[in-house]
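Here are a few notes to read alongside the model. Have a look at the structure first, then go through the points one by one.

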Amino acid sequence: MRVVVSGICGKMGQSICKELLKEEGIEVVGGLDIKDKGMDVGSLLGSQKTKALVHDSYEQIKKYSPQLIIDFTIAEAAAKTIGWALENNIDIIVGTTGIDKKTLEKIKDQAERAQSKVFIVPNFSIGAVLMIKMSALITKYFDGCEIIELHHDKKKDAPSGTSVMTSEAIGKQKTFAHERLKEFESETAENSRGSFLNGIHVHSIRLPGLLAHQKVIFGTKGQTLTISHDSLDRTSFYPGVLLAIEGLKKLGNFTYGLDKLIEI
Ligand SMILES: NC(=O)c1ccc[n+]([C@@H]2O[C@H](COP(=O)([O-])OP(=O)(O)OC[C@H]3O[C@@H](n4cnc5c(N)ncnc54)[C@H](O)[C@@H]3O)[C@@H](O)[C@H]2O)c1
């Protein structure tokens with residue numbers, strides 16, 4: 001399978017590409033990025049030179065006849081690349097987070113009329129997907145839930161895509177609260193109770209030293225239950241990327257979330 005990694009010069013692009021280069025049956029034919037144009041992909045990753053180069057234009061990428069693009073960039077760039085991939089009958093797996101709902105709707109529309117597939121995966125960590133599924137399963141036994149999501153200080157969007165998905169999965173089972181603040185609550189510092197998604201308060205922490213972490217805390221009379229997940233290294237996302245590549249053939253033209261490939 002001929003693969004192009006978009007955002008190849010970034011932290012995720014490089015980490016995933018290093019692993020992809022070890023796979024039999026997958027050939028990284030090129031990279032797309034606005035940085036390091038013309039650089040050999042092997043040299044970029046500190047390994048042996050390959051025939052693949054980094055390009056900053058779709059025209060040059062098209063010359064490689066890629067069958068799949070894997071995107072880890074920024075939301076606006078990802079949306080543009082998805083549109084281009086669909087117009088050119090190339091499948092695309094998107095790890096980039098922060099794509100807004102309106103744009104997702106447009107992408108879905110375009111994908112349904114296209115010859116190729118879009119698979120948007122805000123979190124490739126299999127552990128995080130299981131955390132979301134287990135949270136949804138146990139919701140009915142509790143009276144309240146709050147989420148703390150913790151990420152590295154270079155993360156651009158908040159709250160994290162994973163916390164949004166977690167709140168949606170829980171919200172489908174039960175609405176814990178209809179208003180952000182209860183009648184008797186007040187905030188002496190703005191937003192001290194965090195953001196409010198699907199009836200759940202979400203607290204976003206950004207610090208150097210962190211990678212991607214989340215705690216889903218449930219409470220009921222006399223007890224709490226915490227489901228906690230930690231991505232300690234970017235390699236934690238790779239098994240999910242492979243699962244997405246392998247599972248793509250089973251999916252429709254537009255799919256959102258790795259949970260569609262994970263049964264419990
Ligand atoms: N789905 C997941 O499991 C998962 C895990 C970690 C990070 N992410 C997301 O992946 C994305 C990338 O994260 P990162 O930490 O690698 O960021 P990063 O800033 O290290 O890398 C982004 C790369 O995209 C490139 N880029 C920006 N605009 C571009 C454009 N128009 N065309 C081509 N390339 C462009 C940048 O030059 C950079 O090399 C973020 O949205 C992040 O939230 C997703």
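In which loop is Asp-36 found?

1. Asp-36 sits in the loop between β2 (27-32) and α2 (41-44). Bear in mind throughout that this is a predicted model. I'd look at the backbone here, as phi of Asp-36 is near 50 degrees, a positive value in a residue other than glycine. For context, most residues other than glycine have a negative phi.

2. The other backbone spot to check is a cis peptide bond, the one from Ala-158 to Pro-159, with omega near -5 degrees. Most peptide bonds are trans. Pro-159 also belongs to a loop, the one between β7 (144-151) and α7 (161-173).

3. Now the helix pair. Helix α4 (residues 75-87) packs with helix α5 (residues 101-112) at an angle of about 5 degrees, and their axes are 10 Å apart. Angles under 35 degrees count as roughly parallel, so α4 and α5 are roughly parallel to each other.

4. If you want to inspect that contact, α4 brings Ala-79, Ile-82, Gly-83, Leu-86 and Glu-87, while α5 brings Thr-103, Ile-107, Gln-110 and Ala-111. By class, the contact of α4 with α5 has five nonpolar, three polar and one charged residues.

5. On to the ligand. There are 21 residues around the ligand, and those that come nearest are Lys-11, Met-12, Asp-33, Thr-97 and Phe-124.

6. Which atoms of Gly-10 and Lys-11 face the ligand's oxygens: backbone or side chain? In both cases a polar backbone atom: the distance to an oxygen atom of the ligand is 3.0 Å for Gly-10 and 2.9 Å for Lys-11. With Thr-97, an N or O atom in the side chain is 2.7 Å from an oxygen atom of the ligand. As for cover, the ligand has 860 Å² of accessible area on its own, and the protein covers 82% of that.

Note on methods: Residues are numbered from 1 along each chain as its sequence is written. This is a predicted model: local features need pLDDT of at least 70, side-chain atom pairs count only at pLDDT 80 or more; totals for chains, interfaces and linings use all residues. Side-chain values use heavy atoms; hydrogens and water are left out. Axes are lines fitted to C-alpha atoms, for helices over the stretch in contact, and angles run from 0 to 180 degrees between N-to-C directions. Helices (H or I, at least four residues) and strands (E, at least two) are DSSP runs, numbered from the N terminus. Angles under 35 degrees count as roughly parallel, over 145 as roughly antiparallel, 65 to 115 as roughly perpendicular and the rest as oblique. Contact means heavy atoms within 4.5 Å. Ala, Val, Leu, Ile, Met, Phe, Trp, Tyr, Cys and Pro count as nonpolar, Asp, Glu, Lys and Arg as charged, and the others, Gly among them, as polar. A residue is near a molecule or strand if one of its heavy atoms lies within 4 Å of it. A polar contact is a pair of N or O atoms within 3.5 Å; within protein, one must be able to donate a hydrogen and the other to accept it, and residues adjacent in sequence count only if both atoms are side-chain atoms. Accessible areas come from the Shrake-Rupley method with a 1.4 Å probe; for residues, only the protein chains shown count as cover.
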